[in-house]
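Thank you all for coming.

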Amino acid sequence: MMGSSTLVCAPIMAETVRKMVSDMGKATALGADLVEIRLDYLKVFNSNEDLKTLIKESPLPTLFTYRPKWQGGQYDGDEKHRLDALRLAMELGADYIDVEFQVAHEFIDSIYGKKPDKFKVIVSSHNYQDTPSVEDLRDLVARMQATGADIVSITTTALDITDVARIFQITVHSQVPVIGLAMGERGLISRILCAKFGGYLTSGTLDSGIVSVPGEPAIKDILHVYNFRLIRPGTKLFGVIGKPISHSKSPLLYNEGFKSVGFDGVYLHLLVDDIANFLRTYSSTDFSGFSVGIPHKEAAVKCCDEVDPVAKSIGAVNCIVRRPTDGKLFGLNTDYFGSISAIEDGLRGSHDRGNTTGSPLAGRLFVVMGAGGAGKALAYGAKQKGARIVIIADREYDRARKLADEVGGDALSFAELENFHPEDGTVLANATPVGMQPNIDETPIPKHALRSYSLVFDAVYNPKMTRLLSEAAESGVTVVSGVEMLIGQAYEQFERFTGLPAPKELFRKVMENCL
């Protein structure tokens with residue numbers, strides 16, 4: 001399977017030539033295809049001597065940029081000296097030169113008839129305010145192409161993730177090679193999906209956090225989290241929708257899974273402000289499925305053409321699949337599937353009393369701490385499995401009472417729960433954030449109240465062994481970590497997305513490495 005021909009470029013932004021040479025070696029080791037040498041970052045620059053050294057010592061093809069302050073760079077000197085240095089780089093054997101649109105006509109005219117055969121001029125434009133309309137971008141590309149550019153480079157600012165759709169449109173339909181990238185975290189997908197839409201190159205940093213433009217990912221993430229080399233025009237697109245979202249490990253998990261089973265898909269971080277607008281904008285069947293995170297799970301219900309009955313009851317969708325036949329969106333909730341499956345497995349492992357056909361939850365008392373989204377998922381999931389009665393405890397008693405009524409259960413306050421005496425075989429499930437990083441010393445219920453339960457489950461997965469679980473285990477109770485829930489719901493989503501069995505051992509290994 002052939003991947004994309006889109007190149008991976010490493011910006012080299014060191015203050016000395018020696019450090020630049022060292023960084024070019026690092027870029028090669030990371031897997032970059034070319035280096036962008038940012039001359040404007042050099043503290044001292046002797047053009048003739050330094051350009052010869054940089055070209056001779058580079059193990060990769062070279063792109064020279066000497067960015068002035070008026071286009072977001074560091075150079076604040078004489079314009080003639082700047083353009084002379086770029087011309088000299090061409091003469092000494094550079095592979096590419098980047099020149100700003102505003103001076104491109106003059107520069108390209110000055111090298112007429114002198115260009116080496118394989119040398120290319122990239123004409124660039126940077127917009128640090130926004131992403132213009134498709135019409136304005138199309139007009140800009142035409143004017144940039146008219147300067148004699150070999151490659152047109154447009155970098156805009158994504159104020160919303162939907163802005164990037166306009167960049168894709170321009171890239172796909174342009175008659176000249178285009179580099180189309182959007183800055184900021186909302187523009188991240190432009191740097192990965194350019195491989196699908198035919199962009200000439202993407203750029204990535206040598207180290208996480210040291211960027212040439214806002215929102216630039218690290219080369220190691222481009223290549224190894226998103227499997228950039230495997231992306232091609234027919235690749236299906238998936239991702240996790242949320243705000244914030246950069247912390248999510250889901251792209252690592254799903255992309256490893258896709259690769260392991262040979263599925264042609266890529267899974268992305270999607271920083272989304274308005275989920276309805278996002279789904280309207282990216283309506284192609286190539287955008288095939290999404291995991292939905294906070295704060296969009298409830299709004300997602302209204303965005304779907306069809307919703308699974310359990311998800312409708314819970315009032316939250318955490319997985320959307322686009323039907324390839326008609327593009328309709330089907331919403332479901334795998335949060336309850338992941339947590340209930342993990343609890344069932346825990347009961348089967350240690351406490352199931354001969355119940356091999358139905359759910360080991362059937363007929364049991366099931367106590368849920370928390371009546372938010374996670375609590376709802378647990379309560380409805382347990383009810384569906386035949387839990388005899390569901391008792392909901394929450395800090396907001398009215399919310400707990402409402403959910404208890406919905407699932408035919410009783411509501412207790414946290415104070416009452418502390419002295420509650422569960423019957424034999426009762427399951428306790430924490431669906432609050434209590435005990436999550438960084439507040440790892442907290443627990444929602446005192447240790448003495450745990451010993452009567454048959455199993456304790458905690459939806460918190462970081463840390464893996466919360467104080468609640470540690471104290472339950474010390475009390476001789478079976479415990480199930482939130483990591484099991486996370487893996488369980490990921491199995492279900494993976495299979496919905498791909499139609500293939502989830503690589504369960506791989507998922508477990510990836511999750512354990514992440515945490």
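Predicted model: local features only at pLDDT ≥ 70, side-chain atom pairs only at ≥ 80, totals over all residues.

L54 is buried, since its relative accessible area is 0%, where buried stands for under 20% relative accessible area, exposed for over 50% and partly exposed for anything in between, with a 1.4 Å probe and protein chains only. This residue lies in helix 2, which covers residues 47-57; helices here are DSSP runs of H or I with at least four residues, strands are runs of E with at least two, and both are numbered from the N terminus. Residues are numbered from 1 along each chain as its sequence is written, and side-chain values use heavy atoms, with hydrogens and water left out.

What is L54 in contact with, once its neighbours within four places in sequence are left aside? The partners are V17, M20, V21, M24, I37, L39 and F64, contact meaning heavy atoms within 4.5 Å. The C-alpha atoms of L54 and A94 are separated by 9.4 Å, although these residues are 40 apart along the chain.

Leaving aside its neighbours within four places in sequence, F64 is in contact with I37, L39, L51, L54, I55, L86, A89, A94, Y96, I97 and D98. In the largest nonpolar core, which has 93 residues, F64 and I320 touch the most other members; such a core is a set of buried Ala, Val, Leu, Ile, Met, Phe, Trp, Tyr and Cys residues joined through side-chain atoms within 4.5 Å. Helix 7, residues 188-197, gives the most to this core, with seven residues. Apart from it lies another core, of 33 residues, including V368, A371, A379 and V390. As a general point, nonpolar side chains in soluble globular proteins tend to be buried together.

Just after helix 7, G198 takes a positive phi of about 90 degrees.

Helix 7 is also among the elements that cover the buried residues of helix 6, together with helix 5 (134-145), strand 6 (151-157), strand 7 (178-183) and helix 10 (275-281). Those buried residues of helix 6, which spans 164-173, are V164, A165, I167, F168, I170 and T171.

How do the axes of helix 5 and helix 6 cross? They come within 10 Å and cross at roughly 40 degrees, the axes being lines fitted to C-alpha atoms over the stretch in contact, with angles from 0 to 180 degrees between N-to-C directions. That makes helix 5 oblique to helix 6, because angles under 35 degrees count as roughly parallel, over 145 as roughly antiparallel, 65 to 115 as roughly perpendicular and the rest as oblique. At this crossing, V134, L137, R138 and V141 in helix 5 meet R166, I167, Q169 and I170 in helix 6.

The C-alpha atoms fill a box of roughly 90 × 45 × 40 Å, taken along the principal axes.
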